[in-house]
Amino acid sequence: MNTLERYDLQPGDALLVTDIQNDFLSGGSLAVPGGDEVVPVLNRYIDIFVTRNLPVFVTRDWHPEHHCSFRAQGGPWPPHCIVGTHGAEFAAALRLPPSAVIISKATTPEHDAYSSFLRTDLDRQLRDAGIRRIFIGGLTTDYCVLNTTRDALQLGYQVFVLVDAIRAVDVQPGDGQRAVEEMIALGAKCISLQKLAA
Ligand code: VGL
Ligand code: ZN
């Protein structure tokens, strides 16, 4: 354990809330087990960041109707997060601040994107805001959170994974756990509300 690790928030920190959309929650077309449980936890993280005047970035899976990741197009997933549908909307219970920066990903029919950095301007937005450390939570541990964390570390950001505010699809049992282990091995740190609020 690096004793110099700072868990207290500082300028240059940002919260990244990933894909809290109806289709990933109970009743949705790609409902993630326990997905609803992260919403109140993320609301508390949002409060903490807003109170400290630190920016909140929010991503959304934002697919056209015949997206390549859908089964009818040969992809692995049921149709989900189609622009203009209820399933694509952010959960009503998620309390997004008016200042939240929204990043849409996988917006073209021919490309999927599990990383929020892929074909988006997230990196530029973060750099313009002077962000060096990303605190990431949301859905899903084994896809968007994992791939976004990989890219963030590659791009030189420090990443803190909000382990109490992520849930996995777990297509194969254990995928979520393996994703967390991989993120740690790559250099991400795990953090929970208790540690951050301390
Ligand atoms: C995701 C499954 C399908 C994700 C997106 O962003 O985690 N997972 N599409
Ligand atoms: Zn998707």
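## Asp 175 and helix 4

Asp 175 sits in helix 4, residues 175-186; helices (H or I, at least four residues) and strands (E, at least two) are DSSP runs, numbered from the N terminus. With a relative accessible area of 16%, Asp 175 is buried; buried means under 20% relative accessible area, exposed over 50%, and partly exposed in between, with a 1.4 Å probe and protein chains only. Apart from neighbours within four places in sequence, Asp 175 is in contact with Asp 142 and Asp 170, where contact means heavy atoms within 4.5 Å.

## Basis of the model

This is a predicted model, in which local features need pLDDT of at least 70 and side-chain atom pairs count only at pLDDT 80 or more, while totals for chains, interfaces and linings use all residues. Residues are numbered from 1 along each chain as its sequence is written, chains are lettered from A and ligands numbered from 1 in the order in which they are written, and side-chain values use heavy atoms, with hydrogens and water left out.

## Overall fold

The protein has five helices and six strands. Their order from the N terminus is β-α-β-β-α-β-α-β-α-β-α. Of the contacts with a separation of 6 or more, 77% join residues 24 or more positions apart.

The radius of gyration is 16 Å, which agrees with the value near 16 Å for a compact globule of 198 residues; this radius is taken over C-alpha atoms, and the globule rule is 2.2 Å times the number of residues to the power 0.38. Along the principal axes, the C-alpha atoms fill a box of roughly 50 × 35 × 30 Å.

## Surface and charge

Of the 198 residues, 52% count as buried. The protein exposes about 9,200 Å², and carbon and sulfur atoms supply 53% of this area; accessible areas come from the Shrake-Rupley method with a 1.4 Å probe, and for residues only the protein chains shown count as cover.

There are 17 positive and 23 negative charges, and their mean positions are 7 Å apart. Lys and Arg count as positive and Asp and Glu as negative, with His and the chain ends not counted; the place of a charge is NZ of Lys, CZ of Arg, CG of Asp or CD of Glu.

## Nonpolar cores

A nonpolar core is a set of buried Ala, Val, Leu, Ile, Met, Phe, Trp, Tyr and Cys residues joined through side-chain atoms within 4.5 Å. The largest has 36 residues, and those with the most contacts inside it are Leu 15, Val 17, Ile 20, Tyr 45, Phe 49, Leu 94 and Phe 135. Elements giving two or more residues to this core include strand 1 (13-18), strand 4 (133-139) and helix 5 (193-197). Helix 1 gives the most, with eight residues.

A second, separate core of 22 residues includes Ile 131, Ala 152, Ala 179 and Val 180. Ala 152 belongs to helix 3, residues 141-154, and is buried at 2% relative accessibility. Beyond four places in sequence, Ala 152 touches Phe 117, Ile 134, Tyr 157 and Val 159.

## Backbone geometry

The peptide bond from Leu 139 to Thr 140 is cis, with omega near -5 degrees. Thr 140 lies in the loop between strand 4 and helix 3.

Asp 19, in the loop between strand 1 and helix 1, has a positive phi near 55 degrees and is buried at 2% relative accessibility. Asn 53, in the loop between helix 1 and strand 2, has a positive phi near 60 degrees but is exposed at 71% relative accessibility.
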